[in-house]
Number of protein chains: 2
Amino acid sequence: MSHALDETSTFTPAFDGAGLIGAIVQDAADGTVLMFAHMNAEALDLTRRTGLVHFWSRSRGKLWLKGETSGETFKVVSLHVDCDQDCLLVRVTPQGKGNACHTGRRSCFYRRVTGTGLAFES
Amino acid sequence: MSHALDETSTFTPAFDGAGLIGAIVQDAADGTVLMFAHMNAEALDLTRRTGLVHFWSRSRGKLWLKGETSGETFKVVSLHVDCDQDCLLVRVTPQGKGNACHTGRRSCFYRRVTGTGLAFES
């Protein structure tokens, strides 16, 4: 890893071959990890300019304001980038009912991996 | 997204075209997001069997016991998968000195994205 990436104060997000960067979404209030999705340059720019989290939907092949249909938007509290600038961490205040996952649950990580399969926790 | 993936109790991690799945590492004690890296099937299996986090290093093209040289290993507390089973959340107890990042910092997310660039927080 180059020193240029991990000790610079210049933001140069390392988009992958598909033009995407991963983004971890964390509840700023209590640290719960809510979801993980991808941003392209436009989604990142819109997230920074509007203060609402935008993603690039790989399944739908389109820009996506998180919560645009469900109302479950995320208000940005802070945005961080990791050492090699290929992952983002977005701390948010969930809006709407606070059910971030499309299944209606608060977090997408509602199943624990056990020795034999998955255990539902919500 | 198929119902089969988001409501099943069968663990079927959705490895990508390169055979990898993203893994968010979070400190189980206080919720700090420490790093993000990738696992292949072998790294995931070793993580589950040994209780120590393993990754696939994309830059080095090899299996990687996190902390094998630095001593900064991660003891697994819990493992979760998200709704579409293409991202893992590993809650850990950091071992060693608790400096997970290769730069010697506790977390890889030590820089905040500001309006003009990056602000170092550690």
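## A tour of where chain A meets chain B

Start with both chains on screen: the contact between them takes 43 residues from chain B and 43 residues from chain A. Keep in mind as you go that this is a predicted model.

**Stop 1: the buried surface.** Colour the two chains differently. Together, chain B and chain A bury about 3,600 Å², and 56% of that area is on carbon and sulfur atoms. Now select B:Phe109, B:Arg111 and B:Val113. Within chain B, these three lose the most area to chain A, together making up 18% of what that side buries.

Stop 2: How many salt bridges link chain B and chain A? The count is four. To see one of them, select A:Arg58 and B:Asp86, which form a salt bridge whose closest N and O atoms are 3.2 Å apart.

**Stop 3: the chain B side.** Stay with chain B and look at the part that touches chain A. Several elements each give two or more residues to this side, among them α1 (3-6), β1 (21-27) and β2 (33-39). Which element gives the most? Select β5(B), which leads with five residues. If you colour this side by class, you will find 20 nonpolar, 13 polar and ten charged residues.

Stop 4: The whole structure holds five aromatic pairs over all chains. One of them is A:Phe36 with B:Phe36, a stacked pair at 4.9 Å centre to centre with 15 degrees between the planes. Why does this pair join two chains? A:Phe36 lies in strand β2 (residues 33-39) of chain A and B:Phe36 in strand β2 of chain B, so their pairing links one chain to the other.

**Stop 5: a hairpin inside chain A.** Finish by selecting strand β3 (residues 54-57) and strand β4 (residues 62-65) of chain A. Four bridges join this antiparallel pair; in one of the pairings, A:Ser57 has A:Lys62 in β4(A) as its bridge partner. The two strands form a hairpin with four residues between them. Click on A:Gly61 in the turn, which has a positive phi of about 65 degrees.

How values were computed: Residues are numbered from 1 along each chain as its sequence is written. Chains are lettered from A and ligands numbered from 1 in the order in which they are written. This is a predicted model: local features need pLDDT of at least 70, side-chain atom pairs count only at pLDDT 80 or more; totals for chains, interfaces and linings use all residues. Side-chain values use heavy atoms; hydrogens and water are left out. Contact means heavy atoms within 4.5 Å. Buried area is the accessible area (1.4 Å probe) that two parts lose on being put together, summed over both. A salt bridge is a side-chain nitrogen of Lys or Arg within 4 Å of a carboxyl oxygen of Asp or Glu. Ala, Val, Leu, Ile, Met, Phe, Trp, Tyr, Cys and Pro count as nonpolar, Asp, Glu, Lys and Arg as charged, and the others, Gly among them, as polar. Rings of Phe, Tyr and Trp (its six-membered ring) pair if their centres lie within 6.5 Å; planes under 30 degrees apart count as stacked, over 60 as edge-to-face and the rest as tilted. Two strands pair if DSSP finds at least two bridges between them.
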